Amino acid sequence: MALSVSSLASAFSHLSLPSTSAPNPLPLLRLLPSPRRAARLVLSASAADAAEPVEPEEPAVDEGPEGVLAVEAEEDTLSGLALRKYVKQRLPGGFAAQRITATGRRKTASARVVLQEGTGKVFINFRDAKEYLQGNPMWMEYCKVPLSTLGFENNYDVFVKVQGGGLSGQAQAICLGVARVLLKISPANRVPLRQEGLLTRDTRIVERKKAGLRKARKRPQFSKR
């Protein structure tokens, strides 16, 4: 079917097309690209930031006296299982594997003592000495007399494994053990320790009870009639 040129012209004449010379054209074509471009820029920037490797920040290491005080405060707060782990970490292989060790005895108590360079802390049976000895100042003094005699009360940490007897006998056994360890460290320590009588084993023990007596020597009251 052939169409003439006149019929096509008449058909297009009925269409109303917008004039290209409008004073205020629609701003949609101008506004749409700008937010899209901004969004693309934001996405590209975030992708670039994510692609860059982020190095983890290293924790600050406390140095100087403040760091030492912080470590000592942490050690003071140790108790129970944490304190046991700390002592085992300081004594790899146990008490028997240490080189600077000695044994002290008093009554029926036996104490194995180990010295290490430290700040003057005392640990007894994986517990703090103050807690183990129930805060008794005399028993605490027994553990530090040999060190204070030589001026080493703040130079060594004392690790003790004690058994048998009571707390008083155990404290005196620790005293003898510490003195013997200091003698192993340097033979020059013998003279001041000997002058204070710290190297002498106290052999006094409780006399056994006899049959027919109330105690070792106490007898029942005699009645003549």
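Is T101 buried or exposed? T101 is buried, at a relative accessible area of 16%; buried means under 20% relative accessible area, exposed over 50%, and partly exposed in between (1.4 Å probe, protein chains only).

1. Basis. This is a predicted model, in which local features need pLDDT of at least 70 and side-chain atom pairs count only at pLDDT 80 or more, while totals for chains, interfaces and linings use all residues. Residues are numbered from 1 along each chain as its sequence is written, and side-chain values use heavy atoms, with hydrogens and water left out.

2. Surroundings of T101. T101 is placed in strand 1 (residues 101-106); helices (H or I, at least four residues) and strands (E, at least two) are DSSP runs, numbered from the N terminus. A polar atom of the T101 side chain lies 3.0 Å from the backbone oxygen of V113. Beyond its neighbours within four places in sequence, T101 is in contact (heavy atoms within 4.5 Å) with R112, V113, V114, V181 and K184.

3. Five strands form an open sheet of mixed pairing, in the order 1-2-5-3-4; two strands pair if DSSP finds at least two bridges between them. Strand 1 and strand 4 (127-128) are the edge strands, each pairing on one side only. In general, strands of a sheet pair through backbone hydrogen bonds, either parallel or antiparallel.

4. Strand 5. Six of the eight residues of strand 5 (residues 156-163) are buried. Strand 5 pairs with strand 2 (residues 109-117) in the antiparallel sense, over eight bridges, and V160 in strand 5 stands opposite V113. With strand 3 (residues 122-124), strand 5 pairs in the parallel sense, over three bridges; here V158 in strand 5 stands opposite V122.

5. Helix 8. Helix 8 (residues 167-185) lies across strand 1, strand 2, strand 3 and strand 5. Helix 8 runs at about 145° to strand 1, where axes are lines fitted to C-alpha atoms, for helices over the stretch in contact, and angles run from 0 to 180 degrees between N-to-C directions.

6. Cysteines. The whole structure has zero disulfides, a disulfide being a pair of cysteine sulfur atoms within 2.5 Å.

7. Salt bridges. The count comes to six salt bridges, each a side-chain nitrogen of Lys or Arg within 4 Å of a carboxyl oxygen of Asp or Glu. One of them joins R90 and D157, with the closest N and O atoms 3.2 Å apart. This pair links distant parts of the chain, R90 in helix 5 (residues 81-90) and D157 in strand 5, 67 residues apart. Both R90 and D157 are buried.

8. R106 and D202. The side chains of R106 and D202 form a salt bridge at 3.3 Å, N to O. R106 is in strand 1 and D202 in the segment after helix 9 (190-195), so this pair also links distant parts of the chain, 96 residues apart. R106 counts as buried at 7% relative accessibility, whereas D202 is partly exposed at 23%.

9. E131 and R127. E131 forms a salt bridge with R127, the closest N and O atoms being 3.7 Å apart. E131 counts as partly exposed at 47% relative accessibility, and R127 is partly exposed, with a relative accessible area of 34%. Elsewhere, salt bridges that share partners join R106, D202 and R204 into one network.

Technical notes. A polar contact is a pair of N or O atoms within 3.5 Å; within protein, one must be able to donate a hydrogen and the other to accept it, and residues adjacent in sequence count only if both atoms are side-chain atoms.
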